[in-house]
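This report describes the chain shown below, moving from its overall composition to particular side chains.

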Amino acid sequence: MPHTATDKYFREHTPSLDDIIFTRRQFLARTGMGFGALSLASLFGIDPYSADGATTTAPKGPLAPKAPHFPVKAKAVIHIFADGAPSHVDTWDPKPLLNQYNDKTIPGHDGLAFGSPYKFNKMGKSGIEVSEVFPKLGEMIDNMAVIRSLWTDIPAHDVAQRFMNTGSLQLPKPSMGSWVVYGLGTENQNMPGFITINGKPEWRQASFLPGVYQGCNVNYNRNMKLDEVLLNISNQFTPQDRQRRQLDLVHQLNEMHAKALQKDAQLEARIEAFEIAFKMQTEATDAFDISKEPQQVKDLYGPTETGARLMVARRLVERGVRFVQVAAGGWDHHGDLERALRARAGEVDGPAAALLTDLKQRGLLDSTLVLWGGEFGRTVTKDRNGNATPGRDHNGRGFCCWMAGGGIKGGMTYGATDEFGSRAAENKVHIHDLHATILALLGFDHTKLTYRYNGRDFRLTDNFGNVVKDIIA
């Protein structure tokens, strides 16, 4: 008698003793695979407890936008990293007494005092004193909060730069940008959430956080070809229309595979990665195409590499990138400070002021936190006594940074160094405090933004950090 499809169905789906009696090894194998699948369900927005496997409102991927701990204005960060360590007493921290002691010994210090060769002028309605090397930024001072009492642990470039970017002096830990994207996700799934422009690898590392939070570095200059901006996302041998057809075919084959056999989470994740890379070919490249900007905007930023990079930073934030760091170094002035610092300040002054102006005109400054500063400060004595063109040595005991937008009180200074500027003396702000404040401006309690690794809950601020509440609007 021939068997029908119904007979086969009942034969395969009727319970038997073999279904309920199995060895411990078989039990662990069956349930273990199931637990692994459950752990991947949230990545694809599937509710494993619903009757039909309906999608949930939970994030569909690790980079999907997430709500912070509490509501705030800041949604993105642009970090202008002045690596090399700018001299605070020549930029944002005027010390008249230091000038009075110029070329003389200072009580408690070795060497001869080095008074600043620059004038400080009261700027804006707030009347904050700003060095003459920053005339354009001085015009924006009412939008800025200057912290004059920063300090760090070790004034060595590599160590201090690692500390400023990761909150760690020695151990490899996630960078500030990685923590921000881990906490907030990103608003554009076709772009990396964290991009560094001309930065070092340690400044963008994800360390023990999942690799998706690693910063994407772009060694950008304004004259480079657009197809060279982001390498390895475009196919040099296959045109985009054919790539699109290939991806569509892969999707179709995957659907056939899922219907005939089962859904494979790893396979679907790989296909999704291909899809994002394909989308980045157009959207990511377009973000770096500053030729599309109106001429008045180009004129505002100026015809320099720094201007082009800061313009790109604005374009990236405008497109939903969460954290952008622009390396703007060259501040290690052990000698010839009077000439070299003025030149370096001139390269960043106009473009940084343009960035604040541009963000404000577009209604983006309130939601974008802009941070400028280096890894430590400089000494108040000459680095090379007797040299006709002196500079300043490293000093981690006192230095400055400024912040603007993103919930910052504008037109104010916070903290102070001593009368000569050699060390933080009033309302001292450690690097952990700065990081805690940045996270607070983004809506996070820094003690609760943690990631469990190797049996311990880690955070950006380690076991320290106090929020500088006085600079938050």
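## The chain as a whole

Of the 473 residues of the chain, 48% count as buried; buried means under 20% relative accessible area, exposed means over 50%, and partly exposed lies in between (1.4 Å probe, protein chains only). The structure is a predicted model, in which local features need pLDDT of at least 70 and side-chain atom pairs count only at pLDDT 80 or more, while totals for chains, interfaces and linings use all residues. Residues are numbered from 1 along each chain as its sequence is written, and side-chain values use heavy atoms, with hydrogens and water left out.

The secondary structure comprises 13 helices and 17 strands. These are DSSP runs numbered from the N terminus, with helices (H or I) of at least four residues and strands (E) of at least two. Among contacts with a separation of 6 or more, 74% join residues 24 or more positions apart, a contact being heavy atoms within 4.5 Å.

## Surface

Accessible areas come from the Shrake-Rupley method with a 1.4 Å probe, and for residues only the protein chains shown count as cover.

Leu249, Leu253 and Met256 form a nonpolar patch on the surface, with about 310 Å² of accessible area together. Patches are made of residues with over 30% relative accessible area and no salt bridge; like charges are joined within 9 Å, and nonpolar side chains (Val, Leu, Ile, Met, Phe, Trp, Tyr) within 5 Å. Met256 is placed in helix H8 (residues 240-260) and is exposed, with a relative accessible area of 54%.

## Salt bridges

Side chains of opposite charge can pair when their charged atoms come close. A salt bridge is defined here as a side-chain nitrogen of Lys or Arg within 4 Å of a carboxyl oxygen of Asp or Glu, and the count by this rule is 24. One of them joins Asp103 and Lys382 (2.3 Å, N to O). This pair links distant parts of the chain, 279 residues apart: Asp103 is in the loop between helix H4 (96-100) and strand S2 (120-123), and Lys382 is in the loop between strand S9 (377-378) and strand S10 (394-395). Asp103 is partly exposed at 42%, whereas Lys382 is buried at 15%.

Arg362 meets Glu293 in a salt bridge (3.6 Å, N to O). Glu293 lies in the loop between helix H9 (265-287) and helix H10 (295-301), and Arg362 in the loop between helix H12 (337-361) and strand S8 (368-373), so the pair ties together parts that are 69 residues apart in sequence. Glu293 is buried at 7% relative accessibility, while Arg362 is partly exposed at 34%. Arg362 also forms a salt bridge with Glu318, the closest N and O atoms being 3.2 Å apart. Glu318 is in helix H11 (residues 305-318), 44 residues from Arg362. Glu293, Glu318 and Arg362 are among the residues linked in a network of salt bridges, which also includes Asp286 and Asp358.

## Cysteines

A disulfide is a covalent bond between the sulfur atoms of two cysteines. When it is identified as a pair of cysteine sulfur atoms within 2.5 Å, the count comes to zero.

Cys400 is buried, with a relative accessible area of 6%, whereas Cys216 counts as partly exposed at 21%.
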